[in-house]
Amino acid sequence: MNSKEIPMVPNRKASLPRVYGDTPSFLGVPVLDPRNLPKGCDVIVAGVPWEGTVTWGSFSSCELAPRSIRHASARYGGFLPEYEIDLFDHLQLGDMGDVTVNPNDPVETMANVHKAMLEVYRSRSIPFVLGGDHSFTPEIVKALGEAGQGEIGIIHFDAHLDNAKSFGADLYPRCGPLHRIAQLPKVRKESIVHMGIRGPRNSPAQYEYARSMGARIFTTKEIRERGMVEVTQEAIAIAHEKTRHVFVTICSDCIDAGYNPGGPADFNGLLPNELLPSLQTIGRSGIDGLDFVEVYPGQDPQGYSSHLAAWAMIYALSGVAQRKRDQG
């Protein structure tokens with residue numbers, strides 16, 4: 001992975017290791033055995049091909065996204081010229097494939113995610129996870145709380161607050177992960193940061209709930225008035241205040257629908273040139289994991305949203321790499 005010719009080499013995709021079928025590993029990193037994770041990886045990539053209750057419309061196809069994002073990533077290497085860094089010069093990465101899901105049993109699926117993420121943290125690595133819908137994120141944070149030391153801050157990129165306390169009979173709704181995260185004993189509620197919130201699919205009850213727990217809400221209006229650089233620095237400070245760990249969760253609809261064809265129809269969103277540098281800065285500040293969820297390959301035949309997810313992870317990884325380089 002340290003070849004300076006990557007990714008501009010012939011037949012690159014065909015040469016990459018496979019996690020299953022014709023699906024290459026993320027960025028072509030080594031494939032790991034999830035039953036026996038090695039020590040020494042800085043970051044382990046995993047997929048959660050899960051589609052729970054759809055809160056609007058019907059089948060969204062997000063359980064296909066771990067595959068589509070891995071295929072998109074085959075186009076890329078780890079070098080970002082604007083930061084003059086190749087993440088593979090500083091980080092050891094592996095891909096453990098997908099967590100086993102049971103489409104008929106969300107309780108079993110969530111338990112599988114929790115168990116897999118606990119193994120990642122116990123191997124002294126951090127996870128970068130490809131969703132799937134947003135409902136499984138609390139299981140990652142729960143594992144971090146059990147494996148780590150001290151409290152946890154959350155940086156949440158989304159159009160919506162996603163803190164619904166219930167959605168019909170579903171115990172794990174994709175509109176409620178931030179509620180479940182806030183109930184975890186190691187999560188400091190005042191260090192939960194919502195980034196990119198906007199639009200008419202937010203309810204007053206969820207907005208007041210977020211405010212009542214002390215979470216910080218950055219709407220797109222405030223981001224545009226103050227600038228993404230300043231807001232990102234404040235978000236980092238809040239998430240790290242009185243915490244030992246920070247987890248980043250990204251819903252694709254934080255990005256404006258015009259740049260996110262494989263996502264919900266949510267407009268007035270962040271632009272890629274706002275999200276990507278922000279993630280690089282956040283990665284550089286120190287994080288203990290990240291997920292990217294709610295990509296719908298079935299409505300995006302060109303895979304643009306899957307490519308955007310790959311870019312987002314690469315930018316965050318480059319920040320993690322820069323932090324490790326600078327710390328020596």
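Which element gives the largest share of the lining of the second largest pocket? In this predicted model, the answer is helix H10, with four residues. Helix H10 spans residues 304-327. The second largest pocket holds about 490 Å³ of space. Its lining is made up of 23 residues, and the closest to the pocket centre are Ile126, Gly286, Ile287, Asp288 and Arg323. Helix H4 (137-147), strand S11 (245-251) and H10 are the elements that give two or more residues to this lining. By type, the lining residues of the second largest pocket divide into 10 nonpolar, seven polar and six charged.

The largest pocket has a volume of about 570 Å³. A total of 26 residues line the largest pocket. Thr55, Trp56, Arg201, Pro264 and Tyr296 are the closest of them to its centre. The lining of the largest pocket comprises 10 nonpolar, 11 polar and five charged residues.

The structure holds three aromatic pairs. One of them joins Tyr83 and Tyr315. This pair is edge-to-face, with 6.2 Å from centre to centre and 85 degrees between the planes. The pair links distant parts of the chain, as its two residues are 232 residues apart. Tyr83 lies in the loop between strand S4 (79-80) and strand S5 (85-86), while Tyr315 lies in helix H10. Tyr315 has a relative accessibility of 6%, so Tyr315 counts as buried. Tyr83 has a relative accessible area of 24%, and therefore Tyr83 is partly exposed.

Tyr315 also pairs with Trp311. An α-helix has 3.6 residues a turn, so residues three or four places apart point the same way. Trp311 is partly exposed, at 36% relative accessible area. Tyr76, Tyr83, Trp311 and Tyr315 together form one aromatic cluster.

Aromatic rings also meet charged side chains. The charged end of Lys165 sits over the ring of Tyr209, at 4.5 Å from the ring centre. Likewise, the charged end of Arg216 sits over the ring of Phe218, and here the distance to the ring centre is 4.0 Å.

Helix H2 gives a view of the interior. This helix covers residues 65-73. Eight of its nine residues are buried, so H2 is largely enclosed by the rest of the structure. The buried residues of H2 are Ala65, Pro66, Ser68, Ile69, Arg70, His71, Ala72 and Ser73. The surroundings of Arg70 can be listed. Neighbours within four places in sequence are left aside here. Arg70 is then in contact with Val19, Tyr20, Thr23, Pro24, Ser25, Phe26, Ala46, Gly47, Asp95, Gly97, Asp98 and Leu130.

Conventions
Residues numbered from 1 in each chain as written. Predicted model: local features only at pLDDT ≥ 70, side-chain atom pairs only at ≥ 80, totals over all residues. Heavy atoms only, no water. Phe/Tyr/Trp six-rings, centres within 6.5 Å; stacked < 30°, edge-to-face > 60°. Buried < 20%, exposed > 50% of the residue type's maximum accessible area, 1.4 Å probe, protein only. Lys NZ or Arg CZ within 6 Å of the ring centre and 35° of its normal. Contact = heavy atoms within 4.5 Å. 1 Å grid on protein atoms, 1.4 Å probe; cavity = no way out; pocket = protein on both sides within 12 Å on 5 of 7 lines; lining within 4 Å. Points joined across faces, edges and corners; volume = space filled by probe spheres on them. Nonpolar A, V, L, I, M, F, W, Y, C, P; charged D, E, K, R; others polar.
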